[in-house]
Amino acid sequence: MRKFSANYIFDGLGNFYKNGILKIDDDGSIIELIDTNGNLVEENKLEFYNGIITPGFVNSHCHLELSYLKNKIKEGTSLPNFISSVLENKHLNIENANLEMKNADEQMKREGIVAVGDISNNSSSFQTKINSKIKYHTFIELIGIDANDIDKIEIFARNIKKEAQKLNLSNNYTPHATYSVSEKLLKFITDDAYKTNSIISIHNQETESENEMFLAAKGELLKSLQKINPYYKKFKPSLFNSLPSTMINLPKCNKTLLVHNTFTSEKDIKWVNNYTKYAYWCLCPKSNLFIENKLPNINLFANEKVCIGTDSLASNTSLSILEELKTINFTFPNIDLVILLKWATYNGAEALNLQDKIGSFEKGKIPGINLIENINFTDMAFNEQSRVKVLF
Ligand SMILES: [Zn+2]
């Protein structure tokens with residue numbers, strides 16, 4: 001057994017325990033979290049740390065397979081150009097792609113990440129995942145705007161799924177983005193989601209012209225998609241924002257991670273809350289700054305179910321949930337640290353259906369134990385120097 005204490009222990013559920021004591025078994029399972037009411041009495045073998053102790057972090061959105069694009073894509077060029085750059089670099093069949101994925105996985109471990117919702121367009125990341133201590137849920141991402149391609153896509157999807165299942169990797173199908181899937185493909189994904197109670201994860205409103213495309217068949221995104229695939233010349237606007245236009249074809253009763261939300265309006269949020277009770281707003285602020293040099297208005301989401309993702313090394317300089325939280329904390333200091341920490345722990349675990357195993361310090365769970373050092377305790381805020389140390 002080990003006993004930990006710190007200035008504060010965050011329980012994952014939204015509470016700080018000042019000078020609390022956390023007891024764990026040798027395998028890391030939680031025995032109990034004791035509220036000392038701030039009066040810590042010295043006891044034998046109690047490990048005291050300066051900082052905040054939290055459950056392990058959940059990275060709700062990553063693309064491990066894009067790790068080879070680290071330092072390859074120019075910053076701040078906006079989503080349409082980002083997509084073109086990723087496609088241009090696809091020929092880089094880099095020999096050390098596996099090494100880059102392994103490094104990325106190890107970086108996440110060092111950053112106290114215990115679970116990842118990972119997008120896969122192919123099976124290249126599967127070996128790294130099965131050899132990792134991190135719990136991965138693989139979203140097999142499907143793309144296809146032309147309904148005539150549906151048979152081809154279904155065969156492709158089923159083949160990747162077979163590979164994932166052979167390796168016992170938790171997985172399900174998911175659509176890429178609002179602007180890249182036909183209604184037929186959404187129906188295939190939705191039918192499967194109903195049958196298997198799977199989780200949906202979709203890139204949402206990452207660039208301003210995504211809404212323009214659906215409202216009026218105009219804008220930079222549509223122009224650039226038309227260059228990649230002439231089928232987009234036939235694109236018909238729905239006259240609504242991209243989010244409601246797409247979500248109407250997604251299941252109401254499955255957990256749905258809406259990823260990015262940089263250009264999501266208050267009206268969109270209301271619409272989603274009327275449509276489903278199972279939406280999670282996954283924020284990836286450092287990726288938004290990298291690609292669009294813009295953050296969502298995170299104040300709009302303060303009362304919503306939010307989780308946090310890093311996105312991939314193609315659009316981020318690190319895979320660290322704490323760095324994402326710092327970015328939010330420095331720009332939106334009005335949002336309490338307990339809220340941010342819940343987004344990074346319990347909410348992420350719940351979004352990936354892992355809430356019974358990780359995400360909080362509740363008896364029997366093995367959530368991992370992080371220490372965040374260098375906290376500004378006067379303002380209960382992060383510093384530039386705030387860092388994660390994995391305690392278990
Ligand atoms: Zn992404």
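This is a predicted model: local features need pLDDT of at least 70, side-chain atom pairs count only at pLDDT 80 or more; totals for chains, interfaces and linings use all residues.
View 1. The domain assignment places residues 2-54 together with 367-390 in domain 1, while domain 2 covers residues 57-351.

**View 2. The largest pocket and the residues that line it.** The volume of the largest pocket is about 830 Å³, and among the 33 residues of its lining, those closest to the centre are Ile-83, Leu-87, Lys-90, Ile-143 and His-176. Two or more lining residues are given by each of α1 (79-88), β8 (135-142), α4 and α7 (220-228), with α1 supplying the largest share, five residues. Sorted by class, the lining of the largest pocket comprises 17 nonpolar, ten polar and six charged residues.

**View 3. The crossing of helices α4 and α5.** Two packed helices are described by the angle between their axes and by the distance between those axes. For helix α4 (residues 150-166) and helix α5 (residues 183-196), the axes come within 10 Å and cross at roughly 35 degrees, and the crossing of α4 and α5 is right-handed. On the α4 side, the contact is made by Ile-150, Ile-153, Glu-154, Ala-157 and Arg-158, and on the α5 side by Lys-184, Leu-185 and Phe-188. Five nonpolar and three charged residues take part in this contact of α4 with α5, and no polar residues do.

Definitions and conventions. Residues are numbered from 1 along each chain as its sequence is written. Side-chain values use heavy atoms; hydrogens and water are left out. Axes are lines fitted to C-alpha atoms, for helices over the stretch in contact, and angles run from 0 to 180 degrees between N-to-C directions. Helices (H or I, at least four residues) and strands (E, at least two) are DSSP runs, numbered from the N terminus. A crossing is left-handed if the near helix is turned anticlockwise from the far one by less than a right angle, and right-handed if clockwise. Contact means heavy atoms within 4.5 Å. Ala, Val, Leu, Ile, Met, Phe, Trp, Tyr, Cys and Pro count as nonpolar, Asp, Glu, Lys and Arg as charged, and the others, Gly among them, as polar. On a 1 Å grid over the protein atoms alone, a cavity is a set of points where a 1.4 Å probe fits but cannot get out, and a pocket is an open set with protein on both sides within 12 Å along at least five of seven lines; lining residues have an atom within 4 Å of a point. Grid points are joined across faces, edges and corners, and a volume is the space filled by probe spheres set on the points. Domain bounds come from an automatic or database domain assignment.
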